[in-house]
Amino acid sequence: MSEPSAPPYPEEWEADVVLRDGSTAHVRPIRPSDADALQRFHVGQSQRSVYLRFFAAMERLSDRDLRRFTHVDHRDRVALIAVAATPTSTTTPADGTDAEGTAADDNPLGEEIIGVARFDRTGPHEAEVAFNIADAHQGRGLASVLLEHIAAAARERGVERFTADVLPQNGRMLAVFREAGYEVSQHVDDGVVSVSVDLDPTERSREVMADRERRAEARSMQTLLDAHAVLVVTSPDLPADAVERRMADAVVDGALAGPGDATFDVVGTGREPGEALPGVAFHDRLDTATGPYDLAVLALAPGQVLAIVPALARRGVRGLIVLSGSFAEVGPDGLARQLELVRRARTAGMRVIGPASYGLLRRTAGNRIDVSLATDPPPEGSVGLFCQSAPTAVTLLATVRRRGLGVSTFLSSGNRADVSGNDMMQFWSEDPATAVACLSLESIGNPRKFSRIARRLASAKPVVVVAAGQSGHFAPPGHAVRRGQVPRRALEEIMRQAGIIRAENTHQMADLAQLLAHQPLPAGRRVGIVGSSPSLVSSVADAAEAAGLVVACRASVEREDASPDRIRAALDVVFAPGACDVVVAVNVPTVRVDLGWLAGELTARAASSGRPTLVSALGYHGLTDAFTLTTPDGVTHRVPAYSTPEDAVWAAAAVARYARWRAEDHGRHVAYPDIDRERAREIAEAAAPGPLPADDLGRLLACYGITLWPAIPVRDADEAVAAARELGYPVALKATSAALRHRADLGGVRLDVTGDDDARAGLESLRATILAGLGPGAFAEAGAPFEVQRMADAGVACVVRTGEDPLYGPVVSFGLSGDAVDLLGDIAYGVPPLTDVDVATMVRRVRAAPRLFGYRGAPGVDVGALEELVGRISVLADDLPEVASLELAPVVAQPRGLAVLGARATVAPPRRVDALRRALPRLSGPAK
């Protein structure tokens, strides 16, 4: 038997990564053409590094070694390299400018190898692994990144365990294995440490990967947001009224308006060379702006943006803000330019904000910077803002500014070719100046990663999201988003699972932000309502109950000219100890009165009680001076004001739900020790694309501890009787036609068949039903038209599904069986990995869930068994991206246990975009 041919070059293993210091590098499989670069890498290593890698001195790699190291089969011998641009790998004009004197270099950046990871298979499921990191790049987290990527490649090739021989003095490499979170064992033999690493992901390895990803991506954003030296570049040949020139002028105006903590060098705006203003210097050519710079802001034609990247890399730039457009939003040529821009920038270790960005703001002590197009930015505060397009940015900043709401950070990602909302959430998780995270999303390129990051952030800080682009069908031009196939409400379920507070629009986002930023979280959902009239209080109470709050107490005054004592008495009711968890005060006078005294009294009560308080008073909106109190010790308290009482109670209810979510235990990821992943992978990988045969599906489910009840296919009455006798009466007779399968209501099932005569009659009845409903053509379908299955005990029929969605990745859903359930969308969704609490919530969240717990006197079912089934299916979905779809139906949940009576699945080549490795979005695929 001939050996299988080696897999082709695995392009899907290529990835851009963020390193520990926030810079970027590119990881890819090695190629034969890398021989010279690999030799340079080796020669550049210190003698100590060479000895630790090869256990011997070796000045150069021999031709034989070079060939062996660079010619791999990507199956049994795999090597990944990390590459990055180096200052010596670029060739540019001596003055660093183009012919027009502005944008610098048409030569793309070269690559040099900075790290190597490889494995050689030593057994069916075991391989020896080795790493080598360039001396100049050690300490940047390269080894841990390469371990994640080489481990992911190994798992794809059926390798379950790495072994390595490491010298005892190679403490760094031993630490890489030890700190990765995998199951590691080691022993010393003849002066060498032998290490064994189990590559099966663990709870700890997932946490380690997520934590390292968070820190690295947060660091990359901090470099941009805390920039101290900024370079602004436009073209002097553009007319003064050109949009790019006006963009650059707006950034310069913001820098001049100050106060700021960054210095600006500006190229190409037409100001006199050498002219200097406080913190700003002007140049007519790039070669006189020598840097170094942290951040570059570009308002140039697309070709000039591409050309200037190498020159910016030589000036130490770590991030680009591309204000100008004409990239992916204008069509295929623009998309190609955008991909090339990001490729060049990442190769040079830079992050890209934009194209078509509105810029960024940083508003914290010691890190004040304005590189935005905003003419009147908001004041300093504790709210972080993220949006995508420039028009959305204009609306968002204007809304926040009108309310007097202060921000810590603002960033507009434009086309979000690189930097996305995920990066900002990673930064906010580390930023002490940001207390509330607000994101306005016109598209979401990777909901799975988004929900994972948001869930972690929401456990510490509120996350408020306005989300469009839920399906990928209507993504804005320039946004690379795959089209999702699951219903739009799946994202709502995923966000709820992640603890995100949903807002429908910018107005609601600001309503939530002003409450979350200036009031404590409520201890519960009991609301106290105090108002200027009994009728008004009653109306607000109705709105509060409709929003999900519990009205615990109410108080009002009978007359608009009530005395201060009567007003104080009403306030005493709602601010009494233990009276409620949140206070809503409403004042809508028919005759305009001065609220100065009342506003001060209410704010003082809110501050002293520590109870979240909201107010709706005619003429007041946002954060106002009237409802602001500064205590003698310098602490400022603000009670947020709302346009209508309904806005106030909606915000209070949404925040109360979040507070409850945050206080809950969210459990641990479900795991089952009896799962046979090795056998499951073999079945999935060996299957041909398309429907998975019933026998293979049964074996696959068995690998995950799920028993599929056998069903015997039959063609006629004699075979039906024989099958029934084999299984034992009573049995069920079923049509296998897709239109009638498991549909007793359409006559496709005969239940409780108790004898041979009954079996014969039932089969003929089924045949007649099929002929009447589908015609003779139904019997032309491949396979037997009927099947026989043992009768299950009575229970509640449920459906569990998984799908490998192009946008969301693996999605698990649960619902009860029936047309009404599907028509009404009574289905719960979750994105693996799921926790035990996620699973329990999914089962209970469907509106028909009371049927599982004994509805109208019916016996309850074994909900624990149902939860375990959903949990096991979620693990299968997470493990096997080859399983494109899987449906278990019907699943009969019984008082004790359950029965999986039917299943079908399809397999397809994997297309998952969020593997167990750190990686920025692929340039050829969806953005984040």
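Take T269: is this residue buried or exposed? T269 has a relative accessibility of 8%, and because the cut-off for buried is under 20%, T269 counts as buried. Bear in mind that this is a predicted model, so every value I give is computed from that prediction. T269 sits in a loop, the one between β10 (263-267) and β11 (276-277). Setting aside neighbours within four places in sequence, T269 makes contact with T234, R245, A248, D249 and F282.

Next, V812, which is in strand β35. V812 is buried because its relative accessibility is 0%. What does V812 touch, not counting residues up to four places away in sequence? The list is R801, T802, A828, Y829, G830, P832, M842, V870, S874 and A877.

One of those, M842, belongs to helix α24 (residues 836-845), where D838, V839, A840, M842 and V843 are buried. V839 lies 27 residues from V812 in sequence, and the C-alpha to C-alpha separation of V812 and V839 is 9.8 Å. The cover over the buried residues of α24 includes β35 (809-816), β36 (828-830) and α25 (863-879). It also includes α12 (447-458) and α13 (489-497), from another part of the numbering.

To pick out a pair, V83 has I113 of β4 as its bridge partner. As a reminder, strands of a sheet pair through backbone hydrogen bonds, either parallel or antiparallel.

Another open sheet has four strands, in the order β30-β33-β31-β32, with antiparallel pairing. Its edge strands, β30 (711-714) and β32 (749-753), each pair on one side only. Here the twist averages 20 degrees from one strand to the next. Five bridges link β31 (residues 731-735) with β33 (residues 786-790), an antiparallel pair. K734 stands opposite E787 of β33. Helix α21 (residues 717-727) packs on this sheet and touches β30, β31 and β33, with its direction at about 165 degrees to that of β30.

How many cavities of 30 Å³ or more does the structure hold? There are five. The largest cavity has a volume of about 150 Å³. Its lining is made of 14 residues, and those nearest the centre are L38, R53, F54, F69 and V116. Two or more lining residues come from each of α1 (35-43), α2 (47-54), β4 and β5 (126-133).

Last, the totals. The chain has 928 residues, 56% of them buried, and it contains 25 helices and 39 strands. Of the contacts with a separation of 6 or more, 72% are between residues 24 or more positions apart. The chain exposes about 37500 Å², with carbon and sulfur atoms supplying 52% of that area.

That is what I have; questions are welcome.

Notes:
Residues are numbered from 1 along each chain as its sequence is written. This is a predicted model: local features need pLDDT of at least 70, side-chain atom pairs count only at pLDDT 80 or more; totals for chains, interfaces and linings use all residues. Side-chain values use heavy atoms; hydrogens and water are left out. Two strands pair if DSSP finds at least two bridges between them. Buried means under 20% relative accessible area, exposed over 50%, partly exposed in between (1.4 Å probe, protein chains only). Contact means heavy atoms within 4.5 Å. Accessible areas come from the Shrake-Rupley method with a 1.4 Å probe; for residues, only the protein chains shown count as cover. On a 1 Å grid over the protein atoms alone, a cavity is a set of points where a 1.4 Å probe fits but cannot get out, and a pocket is an open set with protein on both sides within 12 Å along at least five of seven lines; lining residues have an atom within 4 Å of a point. Grid points are joined across faces, edges and corners, and a volume is the space filled by probe spheres set on the points. Axes are lines fitted to C-alpha atoms, for helices over the stretch in contact, and angles run from 0 to 180 degrees between N-to-C directions.
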